Amino acid sequence: MLELHQFRHSAFCLKVRMSLAAKEMSYRTVDVTPGVGQLSIFRRSGQRQVPVLIDGNKAIADSSAIIRYLEACKPEPKLIPNDPKQAAQAHLIEDWADKTLADAARASLLQAISNDPNLLVALLPEDLPEPFRQIMGNLPHELFNGVKKLLNAGQRSDLLYSLKMLSRLVEGSSWLIGNEMSIADIAVAAQLSLFKFPESSGSGLVGKGCPGFSDHPLLKPLFDWRDHLDHLLAQKKVEVV
Ligand SMILES: N[C@@H](CCC(=O)N[C@@H](CS)C(=O)NCC(=O)O)C(=O)O
């Protein structure tokens with residue numbers, strides 16, 4: 001049985017769960033405790049970040065490497081297009097989502113949390129007993145590792161511009177590239193989760209996120225597109241508990 005070692009609300013871990021669902025591959029998740037739990041991740045994979053996929057005695061780190069591994073294990077349905085030009089486009093969009101969008105998403109969520117402490121409480125694990133929830137009312141470090149500073153006004157407006165362009169791209173079309181779901185759709189949708197949490201994030205978080213983005217009228221087609229993908233993949237998911 002494949003095992004996904006993860007932080008529940010990490011967009012990179014969501015990216016892998018979405019890919020496993022797209023391929024209808026069964027797996028179970030292991031929630032890693034930030035800090036102490038990462039020691040075992042380091043022992044098994046030689047680095048400390050999640051997601052890490054464990055398949056027997058193999059440990060694969062990095063969401064993009066994991067998806068390439070899944071693609072080799074179960075080639076259909078393809079997440080990396082066969083056509084070399086489309087494969088190149090998919091790679092470029094995935095790379096933009098994993099770097100530029102991911103950094104901006106984490107910084108924006110951090111900003112949203114600093115304005116709304118209830119959002120932080122909603123991000124804590126659901127099974128955390130109440131006394132711990134109160135003590136742990138600090139920042140979820142696993143999400144914000146690497147966030148250097150909040151977005152300034154210029155970066156926020158650049159981000160909004162890119163998201164509006166994406167919104168235009170998905171309006172009236174199901175997929176970012178060609179006629180099938182690809183890694184580009186999954187990578188973008190996964191990072192969008194931090195701007196507006198999808199239903200699959202659980203009832204405490206769904207709809208919450210970063211005001212100014214989550215409720216921007218021109219981004220509605222983008223979040224509708226993401227919600228559609230989230231529903232579609234929820235039906236295909238084979239997570240064993
Ligand atoms: N490039 C990696 C990024 C993974 C990543 O940033 N993981 C974060 C969680 S969102 C993490 O493990 N942070 C903890 C740390 O860096 O110690 C991927 O695509 O999987």
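Cysteine 13 counts as buried because its relative accessibility is 0%, where buried denotes under 20% relative accessible area, exposed over 50%, and partly exposed the range in between (1.4 Å probe, protein chains only). With a relative accessible area of 41%, cysteine 73 is partly exposed. A disulfide is taken here as a pair of cysteine sulfur atoms within 2.5 Å, and by this rule the count comes to zero disulfides.

The structure is a predicted model, in which local features need pLDDT of at least 70 and side-chain atom pairs count only at pLDDT 80 or more, while totals for chains, interfaces and linings use all residues. Residues are numbered from 1 along each chain as its sequence is written, and side-chain values use heavy atoms, with hydrogens and water left out.

Helices (H or I, at least four residues) and strands (E, at least two) are DSSP runs, numbered from the N terminus; two strands pair if DSSP finds at least two bridges between them. Strand β1 (residues 2-6) pairs with strand β2 (residues 26-31) in the parallel sense over five bridges, and histidine 5 stands opposite valine 30 in β2. Together, β1, α1 and β2 make a right-handed β-α-β unit: with the strands pointing away from the viewer, the path from the first strand over the helix to the second runs clockwise. Strand β2 also pairs in the parallel sense with strand β5 (residues 238-239), over two bridges. Serine 26 has valine 238 in β5 as its bridge partner.

Helix α10 (residues 220-236) has 17 residues and, at 1.5 Å a residue, should span 24 Å, which agrees with the 25 Å between its end C-alpha atoms; the expected span is 1.5 Å times one less than the number of residues. Its buried residues are Leu222, Phe223, Trp225, Arg226, Leu229, Asp230 and Leu233. They cover an arc of only 155° around the axis, which puts them on the same side of α10, the arc being that of the directions from the helix axis to the C-beta atoms. On the other side of α10, Lys220 and Gln235 are exposed. The buried residues of α10 pack against α1 (11-22), α8 (153-170) and α9 (183-192), with contact meaning heavy atoms within 4.5 Å. Aspartate 227 is also found in helix α10 and, at 24% relative accessibility, counts as partly exposed.
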